[in-house]
Amino acid sequence: MSTDSIEKLYKNFGVLADAKDKLSEVRPTFYFPSIRLSLLIALSYFIICLFALHMHRYHEAEYLEILKAVKGTPKEKRLASQFIARFFKHFPKLADKAIDAHLDLCEDEDMSIRKQAIKDLPTLCKDSKEHTARIADILAQLLLAPDSSELDVVHNSIMTLIKNDPKGAINGFFVQILNGEDGIRERCIKFLGSKLKTLGRDIITKEPEDVLIAECKKVLQDVTAEEFHSIMEILAWTRLGSTVNGQQELVDIAVEQAELSVPFKHTNLEQCSRLIQCIKHALPYFSSQVNSSKFVSYICIQVLPHLSLITSPDGRDVQLELLKLLAELAEYCGKIEKPEEKVQQLYNALITFMPLPPDTEITEVPKLQFSHVECLIFAFHKLCKQTPEFLIKDPEQLKEFRLRLQYFARGIQGYIKKLREVINGKSEEELKTEENQLKVIALKTTNNINTLIKDLFHSPPSFKSVIHLSWKTIITKEKKDEKVTTGIKRHTPITFGNGNSNSAAPPAKKQKEDVPRNNKQLYTPPSGKYSSNISSNYGNRGRFHNNRYNKTSGRGGFRPRGRGGNWRKNTY
């Protein structure tokens, strides 16, 4: 180590520090009654400018000596990092050189030097906010740091930067999200999704929030499934999630991503998955002021005719999943065009699960799929309000429908009685067991169906009864806390009769109801490519070349975006 070099660094620091102190000492006070305040302010500003000019002109040599120290020994580098940041604001003409010199330290082979340089990065723009976006861009790329302790320093520096200048930091961050490499983009989105909420409204005020919303909307033009989830969560945290107009915007985004203008193909698993996930993201925002008509119309016309053909390679009951979503959507369905067409499709799907009574003596108990029927009869009951003449316009159809309702109602009476016998008398603790919770849900399911059948049996049919969907009532703590899932567990719907080991017994574990994790659950991003709008494989975006973390490759083999570039070349 060169002792002379270290001493020279400290000497240069002393010269610059003394000049800085003298600059602050000469600021005049504002108590001169005989001189107007505006004149004092102008005089003060003039004196400050003179001293600043003096510092720029006569002390650039000392600052340039400090910049050269980034090529010196480890101790010189650590001192240079601190000194560059300390006096950065006083040498605006040397800003580019200073930032480049600091970046050399951020790429140093010595981790301790890198961590020191990364820690000092926010100081560069503490009083020079015109550089915030560039520093944010650099820190975004440093999120690829492989070491956890180094990554912690990066995280802390980003948080410091956002607190100091949230608007500039968000702008710089989104440069990488929109134009950066796969790995950088992913980490940036995840960071914002997890950290922004901790900053609070005191930091993310209206102006930076406007920037955040606008940039997120740009990202949504081309996202993966996981990115879609994260960006929607960020938008939900903004004012969009708490105002009616904002909630409508979020629903419109989900509608756009679902591509409802594209005809549904039951063989297209990606299309089906995309539809499910977009609906789940929109569900929390439907209300009496934000309706779900577009999704309801699409499912009725496009999906229900193919319902029996829809399958999932992982064994999930996708049919029931779609029907549950339809039932929840129907609750907030506004006025729809040609309601009789939608109701007809609901009727056609419903009667496939509600058999006619047999002409001969029953030899075996038919399989009654209560979960499917609850969803369909609920949606049918809701939408029939918009076309009440549907059931009465054809007496023969009404007569046949009532036979189906009567036969199904007789079938569930025995189950309701047995379920009540099993549940009654059990303590609150006993009812918390998984098996008993399933029985409680099964009882709610059958009671819901029974209530709606009674309504439809009126002459003319009535649509006044209000029920609460069975799966939206029980949320275990474990499920409630589980906000983002890594997979979807297979649940068996409530079905009784043929296929049960004991058709007269209450439902056992093999007849599990699909209890969702949350009645407003957001989705689990599936794997695989969705489409050009939501694609899990979004191609190579390019990567800066001089970064020491450039050790990962793009996903490759898919649609390129023509992005990328060196972190030193971005302009702001």
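This is a predicted model: local features need pLDDT of at least 70, side-chain atom pairs count only at pLDDT 80 or more; totals for chains, interfaces and linings use all residues.

Student: Got it. At what angle do the axes of H6 and H7 cross?
Tutor: At roughly 160 degrees, and the axes of H6 and helix H7 (residues 148-164) come within 10 Å. Angles over 145 degrees count as roughly antiparallel, and H6 and H7 are therefore roughly antiparallel to each other. Their crossing is left-handed.

Student: Which residues make that contact?
Tutor: From H6 you have Thr132, Ile135, Ala136 and Leu139, and from H7 Val154, Ser157, Ile158 and Leu161. By class, the contact of H6 with H7 has 6 nonpolar and 2 polar residues, with no charged ones.

Student: Why would residues three or four places apart point the same way?
Tutor: An α-helix has 3.6 residues a turn, so residues at that spacing point the same way.

Student: OK, next pair. How do H12 and H13 pack?
Tutor: Their angle is about 180 degrees, with the axes 9 Å apart. H12 and H13 are therefore roughly antiparallel to each other. On the H12 side, Val251, Ala254, Gln257 and Ala258 take part, and they meet Arg274, Leu275, Cys278 and Ala282 in H13.

Student: Is glutamate 259 buried or exposed?
Tutor: Buried. Its relative accessibility is 18%, and the cut-off for buried is under 20%.

Student: Which other residue has a positive phi although it is not a glycine?
Tutor: Lysine 338, with a phi of about 45 degrees. You'll find lysine 338 in the loop between H15 and H16. Lysine 338 is exposed, at a relative accessible area of 52%.

Student: Since you brought up H16, what span should its 13 residues have?
Tutor: At 1.5 Å a residue, H16 (residues 339-351) should span 18 Å, and its end C-alpha atoms are 18 Å apart, which agrees.

Student: Which residues of H16 are buried?
Tutor: Pro339, Lys342, Val343, Leu346, Tyr347, Ala349, Leu350 and Ile351.

Student: What covers them?
Tutor: The cover includes helix H14 (293-303), helix H15 (318-330), helix H17 (370-383) and helix H18 (395-423).

Student: Back to pairs. What about H9 and H11?
Tutor: Helix H9 (residues 182-199) and helix H11 (residues 225-237) pack at about 30 degrees, with their axes 10 Å apart. That makes H9 roughly parallel to H11. The crossing is left-handed.

Student: Which residues meet there?
Tutor: H9 brings Arg185, Glu186, Ile189, Lys190, Leu192, Gly193, Leu196 and Lys197, while H11 brings Glu226, Glu227, Ser230, Ile231, Glu233, Ile234 and Trp237. Those divide into 6 nonpolar, 2 polar and 7 charged residues.

Student: Switching to loops: where is lysine 129?
Tutor: In the loop between helix H5 (111-124) and helix H6 (132-141). Lysine 129 is partly exposed, with a relative accessible area of 45%. Leaving aside neighbours within four places in sequence, lysine 129 is in contact with Asn164 and Asp165.

Student: How far is its C-alpha from that of alanine 169?
Tutor: 9.4 Å, and lysine 129 and alanine 169 are 40 residues apart along the chain.

Student: Which peptide bond is cis?
Tutor: The one from serine 459 to proline 460, with omega near 0 degrees. Proline 460 lies in the loop between helix H19 (434-457) and helix H20 (477-481).

Student: Last thing, the whole chain. How many helices and strands?
Tutor: 20 helices and 2 strands. Of the 572 residues, 51% count as buried. Among contacts with a separation of 6 or more, residues 24 or more positions apart account for 74%.

Notes. Residues are numbered from 1 along each chain as its sequence is written. Side-chain values use heavy atoms; hydrogens and water are left out. Axes are lines fitted to C-alpha atoms, for helices over the stretch in contact, and angles run from 0 to 180 degrees between N-to-C directions. Helices (H or I, at least four residues) and strands (E, at least two) are DSSP runs, numbered from the N terminus. Angles under 35 degrees count as roughly parallel, over 145 as roughly antiparallel, 65 to 115 as roughly perpendicular and the rest as oblique. A crossing is left-handed if the near helix is turned anticlockwise from the far one by less than a right angle, and right-handed if clockwise. Contact means heavy atoms within 4.5 Å. Ala, Val, Leu, Ile, Met, Phe, Trp, Tyr, Cys and Pro count as nonpolar, Asp, Glu, Lys and Arg as charged, and the others, Gly among them, as polar. The expected span of a helix is 1.5 Å times one less than its number of residues. Buried means under 20% relative accessible area, exposed over 50%, partly exposed in between (1.4 Å probe, protein chains only).
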